[in-house]
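I opened this notebook page to record what I looked up in one model. The entries follow the order in which I consulted it.

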Amino acid sequence: MNLLAIESSCDDTSVAILKDKEVLSNLISSQEIHNLYGGIVPELASRKHIEIISQLTAKSLEKAALDIQDIDAIGVTNSPGLAGSLLVGINFAKGLSLATGKPVIPVNHIEGHIFSGHIENPNLEFPAISLVVSGGHTSLFFIESFSKYKVIGSTIDDAAGEAFDKIAKMLDLGYPGGPIVDKLSKSGNRNAYDFPRSMLNKPGFDFSFSGLKTSVRYFLQNNFESNVPEEILPDICASFQEAIVEVLAKKTIKAAKYYNCKNIVIGGGVSANSRLRDYFRENSESNLNVVFPSMDLCVDNAAMIGFVAQNKFHNLDEKELSLTFTADPRATRA
Ligand code: KG4
Ligand code: ZN
């Protein structure tokens with residue numbers, strides 16, 4: 001079965017083609033324009049999606065060496081995300097459906113991240129613990145199958161990616177902050193400053209990152225009158241990055257032990273973080289199998305949406321097949 005998948009929930013437009021579970025193409029177009037504003041401007045995001053979606057679809061089909069008539073179904077992200085951005089992808093998918101007579105499968109974006117590690121690791125066994133860690137979400141899931149899973153912990157305030165972005169903004173590093181902090185941290189000392197590891201020793205699997213943000217803000221206010229000297233930026237970045245990474249990794253490993261899972265799957269933009277990857281490698285016991293997707297599958301991408309759509313294809317209800325579904329921007333349930 002050939003499936004065309006569309007992702008446009010935030011500031012990346014992506015179109016992928018999958019042949020069964022194999023990814024034939026997964027093109028991602030990132031919107032640089034938001035860097036000028038230090039964060040995503042929703043109105044600009046939807047306009048940029050409109051500009052590129054048709055041409056990206058044509059390119060993705062070309063890369064997969066397929067024609068639109070070869071497509072058997074269409075998958076599209078319909079929740080959660082920015083309303084205008086989601087609507088661009090959904091309406092484009094519905095238009096393709098009307099033109100080709102093929103069904104559209106609505107997909108939850110977080111569900112895409114949960115299973116993104118399975119695309120390259122088809123033999124990964126359940127039960128597993130999944131950590132979804134991005135700019136909008138930080139949650140742990142206990143997964144029993146592709147259709148049965150539950151949230152076991154979530155951030156009670158900021159997402160981890162949001163903490164990277166907001167602290168990077170305080171330091172005037174640019175947007176998105178995560179990749180910049182990751183790079184700067186490589187030459188820094190992660191033990192230079194002691195930032196809080198919120199909720200690390202609390203029972204349960206919830207997270208909190210807004211205290212860390214406040215702590216860095218006070219640290220900067222108390223120690224520097226205006227700009228932070230460039231030579232100590234790497235130490236600050238490495239130190240607060242370590243605080244985020246340590247909490248994420250320790251809680252995830254604790255969850256794996258509690259739920260008796262030997263497989264851990266990480267997904268979402270922050271899973272691209274090199275220190276997070278190293279930390280898991282250094283601190284997981286040998287009986288744990290920790291899977292990180294390759295970079296294109298960590299960030300927002302349509303291949304992960306297509307993968308979930310493939311899994312859902314045979315169990316769709318009438319509403320899902322009738323094109324009456326719409327965007328559900330605030331859906332919390334994956
Ligand atoms: O999954 P994603 O592309 O979009 C959302 O659904 O949010 O994640 C974007 C987030 C941003 O907060 C960005 O700063 C963060 O992922 N990110 C990183 C890295 N690459 C992206 N955070 C830390 N280290 C990275 N290397
Ligand atoms: Zn995402």
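The entries below cover the metal site, a helix beside it in my reading order, and a ligand.

**Basis.** I am working from a predicted model, in which local features need pLDDT of at least 70, side-chain atom pairs count only at pLDDT 80 or more, and totals for chains, interfaces and linings use all residues. Residues are numbered from 1 along each chain as written, chains are lettered from A and ligands numbered from 1 in the order written, and side-chain values use heavy atoms, without hydrogens or water.

**Entry 1, zinc ion.** I looked up which residues coordinate the zinc ion (ligand 2), and found His109 (NE2), His113 (NE2) and Asp300 (OD) at 2.1 to 2.2 Å. Donors here are N, O and S atoms within 2.8 Å of the metal (3.2 Å for Na, K and Ca); water is not among the atoms, so sites may look incomplete. I noted the spacing of the donor residues in sequence as H-x3-H-x186-D. Histidine 113 belongs to helix 3 (residues 109-119) and aspartate 300 to the loop between helix 9 (295-298) and helix 10 (302-312), so this pair ties together parts 187 residues apart in sequence. Helices (H or I, at least four residues) and strands (E, at least two) are DSSP runs, numbered from the N terminus. I recorded both histidine 113 and aspartate 300 as buried, a term that means under 20% relative accessible area (1.4 Å probe, protein chains only).

I then checked the cover of helix 3, where 11 of its 11 residues are buried. Its N-terminal end is capped by asparagine 108, with a side-chain oxygen 2.7 Å from the backbone nitrogen of isoleucine 110. I placed asparagine 108 in strand 5 (residues 104-108). Asparagine 108 counts as buried because its relative accessibility is 7%.

I asked how many residues surround ligand 1. There are 19, and the closest are Gly135, Asp165, Asp182, Gly269 and Asn273; the criterion is a heavy atom within 4 Å. A nitrogen atom of ligand 1 is 2.9 Å from a side-chain N or O atom of aspartate 182. Oxygen atoms of the ligand lie 3.0 Å from a backbone N or O atom of glycine 269 and 3.3 Å from one of glycine 136. I also noted that the protein covers 89% of the 550 Å² of accessible area that ligand 1 has on its own, by the Shrake-Rupley method with a 1.4 Å probe.

Key:
Buried means under 20% relative accessible area, exposed over 50%, partly exposed in between (1.4 Å probe, protein chains only). A polar contact is a pair of N or O atoms within 3.5 Å; within protein, one must be able to donate a hydrogen and the other to accept it, and residues adjacent in sequence count only if both atoms are side-chain atoms.
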